[in-house]
Amino acid sequence: MMARSSHRTPLATFAAYGTLSFFVILALFPFFYMISLSLQSDADLSSGVPVLVPSVLQFSNYVAIWEKAPFARFILNSFIIAGGITALHLFFDPLVGYVFAKLEFLGKRAMFAALLSTLMLPFFIRMIPLYILTAKMGWLNTYQGLIMPFAMSAYGIFLMRQFIRPIPDDLLDAARLDGASEWRIYRSVVLPQLGPPMATLGLLTFVFQFNEFLWPLVVVSSVEMRPITTGLTLFNSEFFTQWNLTATGGVILFLPSFLLFVFMQRYFVQSVMTSGMK
């Protein structure tokens, strides 16, 4: 039987690239429309017809958003909250992952199964007890109330455990024979090998928390403590929504996450490439 040729016909190649281009445009269209909204004037918004290309590029929206709301404070709050949670994750998640990966103790498997089971609980179920606990501790409308309930994550612990498990036990036993403590082994032997996965964990945690909306909406009561996500609600009223300023804030909200991904893309790719290696 004659082997089938591996070369595609021009029509098949055109169809493949055309299909891919269609889905790429479909996926990116909401983002492009958000940029278009951020550059539209009030006249474009009130025309009653969706405008894809603004009649006049209203770059003044990017100035007005700083004047009509304490947007600098919103950005600062977002960085403090997302940065604080990310720092706590990078400290606790690898440490707990090392304990579950390399140490033996009574009830280890049951505790790890219970930890993973929390991934199946929607946040809406955990939100009420978290709110009651935060209120009883006097942390409502504070940074610690926004940060401490998310100091660790079951996903981050599981991710770190999976990357720590392939580290040879003989290497750790040799360090123990040399008199190294478990903390010294973790700090000097295990942690230096977790660069790419920790960068991935930090990137995913920061992006998720930077875009978090529900918990700040529940916990924060003052305008000064709002992050960007809930701060944008200032441009919404009962009868009118300033969609151009809301979209402008959305573009500004997107930029830090995008730039962080660009700068850390190399570590993210290394983490994916080494995830299947022993």
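How much space lies in the largest cavity? The largest cavity holds about 40 Å³ of space. The model is predicted, with local features requiring pLDDT of at least 70 and side-chain atom pairs counted only at pLDDT 80 or more, while totals for chains, interfaces and linings use all residues. Residues are numbered from 1 along each chain as its sequence is written, and side-chain values use heavy atoms, with hydrogens and water left out.

**Cavity and pocket**

A search of the whole structure finds one cavity of 30 Å³ or more. On a 1 Å grid over the protein atoms alone, a cavity is a set of points where a 1.4 Å probe fits but cannot get out; a pocket is an open set with protein on both sides within 12 Å along at least five of seven lines; lining residues have an atom within 4 Å of a point. Grid points are joined across faces, edges and corners, and a volume is the space filled by probe spheres set on the points.

The largest cavity is lined by Ile-81, Ile-85, Leu-146, Phe-150, Gln-209, Glu-212, Trp-215 and Pro-216. Helix 4 (71-102) and helix 12 (214-219) are the elements that give two or more residues to this lining. Helices (H or I, at least four residues) are DSSP runs, numbered from the N terminus. By class the cavity lining has six nonpolar residues, one polar and one charged (Ala, Val, Leu, Ile, Met, Phe, Trp, Tyr, Cys and Pro count as nonpolar, Asp, Glu, Lys and Arg as charged, and the others, Gly among them, as polar).

The largest pocket contains about 780 Å³ of space. Of its 23 lining residues, Arg-126, Phe-150, Met-152, Ser-153 and Ala-154 lie nearest its centre. Helix 6 (123-136), helix 8 (154-164) and helix 11 (195-210) each supply at least two lining residues, and helix 11 has the largest share, five residues. The pocket lining divides into 16 nonpolar, five polar and two charged residues.

**Helix packing**

Axes are lines fitted to C-alpha atoms, for helices over the stretch in contact, and angles run from 0 to 180 degrees between N-to-C directions.

| Helix pair | Angle | Axis distance |
|---|---|---|
| Helix 9 and helix 10 | about 130° | 10 Å |
| Helix 8 and helix 11 | roughly 165° | within 10 Å |

Contact (heavy atoms within 4.5 Å) joins Leu-171, Leu-172, Ala-175 and Arg-176 of helix 9 to Glu-182, Ile-185, Val-189 and Val-190 of helix 10. These residues comprise six nonpolar, no polar and two charged.

In helix 8, Tyr-155, Gly-156, Leu-159, Met-160 and Phe-163 meet Pro-197, Met-198, Leu-201 and Leu-204 of helix 11. That contact has eight nonpolar residues, one polar and no charged.
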